Amino acid sequence: MSEKSETISETTAAEEETVNSAEKKSSSSRSKTSEGVMKAASILIVMNFIASILGFVRQILITTYFGAGVESDSFYAAFNIPDLIYNVLVGGGLSSAFIPVFSAYLADNNEDEGYRMASTILNIVAIVSGLVSLLGIIFAPYLIPFTADFSEGGQPFFDLTLRLTRIMFFQSFFMCLIGILMGILQSYKDFTAPSVGSVVYNMVMIAVGVILMKCGIGITGFSIGVVSGAVAHFAIQFFAVRKKHFKYHRIIDFENVGVSKFFHLFWPMLLGISVSQINTLVNKYFGSGVGESILTLMNNAISLQQLPINMFGFSIAMSVFPTMVEHYTQGKLKLYKKDLSMAIRNIVFITLPCTFGMIAVREPLVRALYYQGAFTTKDVKVMSTLLIFYCLGITAYCVRQALLQGFYSIQVTSIPVAINITVMILNIVLSYLLVKLMGANGLGLAYSLAGFASITMLTFMLRTKVGSLRGKEIATSVVKCLIACVIMYIVIYLIRALLEGALNFPIDRKIGMVTELMILVIMGMLTYVIAAFALKMRELKSVLAVVMRKLGK
C-alpha cells in the first residue's frame, strides 16, 4: 500500500508540475502577446501624434495666411474627395481585407503563393485607382457639388475648388497603392514604415505648400503639396516592402483562392467604411450652408476631434488586429476576447480623459492654436463651442474602431455594413433636424450621437456571434474612468478660473496663451493619473509600462 501510495503521490506531483509549467508558459505567452501589442500601439501612437501635429501646423498656416474665407474653404472642400478615398482605402478598407488573407499564407509558410496573391491585388488596385483618378479629374465639376454648398461663395468659390480638386486627385492613385503596401508590412507586424510614412507625408505637404505659396501660387501650392506628400509616402512603403524580400509578379490571377477571399472581405468593408466617411461629408455639406467661413471652423474642430481617434483609437485597434486574427484562426476564442477587451479598455482609459480635457480647455486650446493673423476672436468663440459637441463622440468613434476589427478578425463583414448604413441614415436625419435647431453645433451633436448608436449596435451584434465580450471588466473600467475624468475636469476648471481671474494671466499674447494651455494640460494629466492610481486601474500600469520603456530607450 505504501509503495502504491508513494507511486500515486509521485505521479500526482509530476502532473501538477506539468500543469503549473503549462500555465506559466501560457501566462508568459499572453504577457508577451500583450507586450507586443502595446509596443506596436506605442509606435503607431507616437507617429500618429507627430503626423497629427504636422496636420495642425498645416491648418494653422492656412488659417494664418488665408483666414477663414473663400480660399481656405475651397482647399478643404477640394480635399474632401481625396481625403475620403484615403480614409476608406488606406485607413482601413484595403489593409483590413488584405491582412487576414496574406497573414494566413505567412502562417502556413506559403509565402510564394502569398506573393502571387499580393501582386495580383497590387496590380488590380493600380489599374483601377489610375482609372478612378482620371475619371475624377474629368468629372470633377459634377462631383464637387456633393462636397459643399456653393450658394454662399458663388462662382469664384466653385472655380477655385474645381482647380484644387483636379490637382489633388493625383494623390488618390498613390494612396491606393500605399494601402496594399501597408497591408503587406502590417502582416509582418511591421508598423514602423507605415507610421513614418504618414509623418513624411505631412512634412512634405507643408514644405512644398509653403515654398510654392511664397512663390506666388497661393492656396494652389498646398494642393500640389498634398500630391508631393503622397509620392513621398509611397516611396517609403515601397522601399520597406523591398527590404522584406517581397517577390513582385506581373500577373493578374483571378483564380487565386487568396484573391477571391480578399474581395469577399473587401467589398463589404469598403461599403461599411464609405458609409462612415459619408457621415463626415454630410456634416460638412450641411455646415457649408450655415454661414460664411463656417466650413473652415468645422474642419478645424473635426481635426481636433480626430486627433485622439487617429492617435489612440485607430492605433490600438490596428496593432491588436493581427493578434486577434491569429488567436481566432487558431481556435483560441478566449484569447481573442481578451485581446478585444484589452483594446477597448485601453482605448477608453486614454480617450475618455481626452474628451473631458478638450472640452475643459476648449477656448484656451483654440486660442493657442489658431488665434493669429486673419483668425478673429469671434472665430475662437464659434469654434470653441463647436468643439464641445464634436468632442462628445471621441470615445465612441475610438471604441468603434476596435469593434470593427473584432468583426473583421472573424471574417464577418455584412453585419458592420448593415449597421453603418443604419448609422449613416440616422446621422443624415439628425443633421437635418438639429442644424435647424442649433446651427453648426447641431451637426456636431448629430455626429457624436451617431457614434454612440454605432458602438451600441456593433456590441450587441458581435455578442450574438462570439458570446460574452467580458462586459463586466469593461464596465468596471469605464466607471472608474468616468470618476477620474470628472475629478480632472473640476481641477482644470478651477485652475483656469484662477489663472484668468485672480492671477490675471496675460492671455492676450501668444506666449501667455500657450503657457496657459500647457499648465492646464499638465495639471489635468497629473490629476487623472493620480485619480486612476487611487482607483487602482490596471490599464494605468500597462500604459505607464510602455511610456517608461520608451523613456528608458
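Predicted model: local features only at pLDDT ≥ 70, side-chain atom pairs only at ≥ 80, totals over all residues.
Residues are numbered from 1 along each chain as its sequence is written, and side-chain values use heavy atoms, with hydrogens and water left out.

**Confidence along the chain**

Colour the protein chain by pLDDT. The chain averages 81, and 85% of the residues score at least 70. Helices here are DSSP runs of H or I with at least four residues, numbered from the N terminus; strands are runs of E with at least two. Confidence is lowest in helix 1 (residues 2-66), at a mean of 59. Helix 16 (residues 471-500) has the highest mean, 93.

**The nonpolar cores**

Next select Met117, Ile180, Ile184, Phe262, Phe349 and Leu462. These residues have the most contacts inside the largest nonpolar core, which has 124 residues. Such a core is a set of buried Ala, Val, Leu, Ile, Met, Phe, Trp, Tyr and Cys residues joined through side-chain atoms within 4.5 Å. Buried means under 20% relative accessible area, exposed means over 50%, and partly exposed lies in between (1.4 Å probe, protein chains only). Helix 9 (residues 294-329) gives the most to this core, with 18 residues.

Centre on Phe262. Leaving aside residues up to four places away in sequence, Phe262 touches Leu94, Ala97, Phe98, Val101, Met117, Ile121 and Ile180. Another core, of 19 residues, lies apart from the largest one; Phe66, Leu160, Leu164 and Phe222 are among its members.

**Salt bridges**

How many salt bridges does the structure hold? There are 12, a salt bridge being a side-chain nitrogen of Lys or Arg within 4 Å of a carboxyl oxygen of Asp or Glu. Side chains of opposite charge can pair when their charged atoms come close.

Select Asp190 and Lys244. They form a salt bridge whose closest N and O atoms are 3.4 Å apart. The two residues are 54 apart in the chain and link distant parts of it. Asp190 is in the loop between helix 5 (154-187) and helix 6 (192-214), and Lys244 is in the loop between helix 7 (220-243) and helix 8 (257-288). Asp190 counts as buried because its relative accessibility is 16%, whereas Lys244, at 28%, counts as partly exposed.

Move to Glu473 and Arg470, whose side chains meet in a salt bridge at 2.6 Å, N to O. Glu473 is buried, with a relative accessible area of 18%. Arg470, at 32%, is partly exposed. Elsewhere, salt bridges that share partners join Glu363, Arg367, Lys381, Arg496, Glu500 and Glu516 into one network.

An α-helix has 3.6 residues a turn, so residues three or four places apart point the same way. Arg367 and Glu363 are both buried.

**Glu516 and helix 17**

Glu516 is found in helix 17 (residues 510-534). Is Glu516 buried or exposed? Glu516 is buried, because its relative accessible area is 0%. Not counting residues up to four places away in sequence, Glu516 touches Pro364, Arg367, Arg496, Leu499, Glu500, Phe505 and Ile507.

Now show the whole of helix 17. Its buried residues include Gly512, Met513, Leu517, Leu520 and Tyr528. The expected span of a helix is 1.5 Å times one less than its number of residues. For the 25 residues of helix 17 this should be 36 Å, and the end C-alpha atoms are 36 Å apart, which agrees. Just after the helix, Lys536 takes a positive phi of about 55°.

**Cysteines**

Finally, select the cysteines. The structure holds zero disulfides, a disulfide being a pair of cysteine sulfur atoms within 2.5 Å. For Cys391, the nearest cysteine sulfur is that of Cys354, 9.2 Å away. Cys391 counts as buried, at 0% relative accessibility. For Cys485, the nearest cysteine sulfur is that of Cys481, 6.1 Å away. Cys485 also counts as buried, at 0%.

Technical notes:
pLDDT = per-residue confidence, 0-100. Contact = heavy atoms within 4.5 Å.
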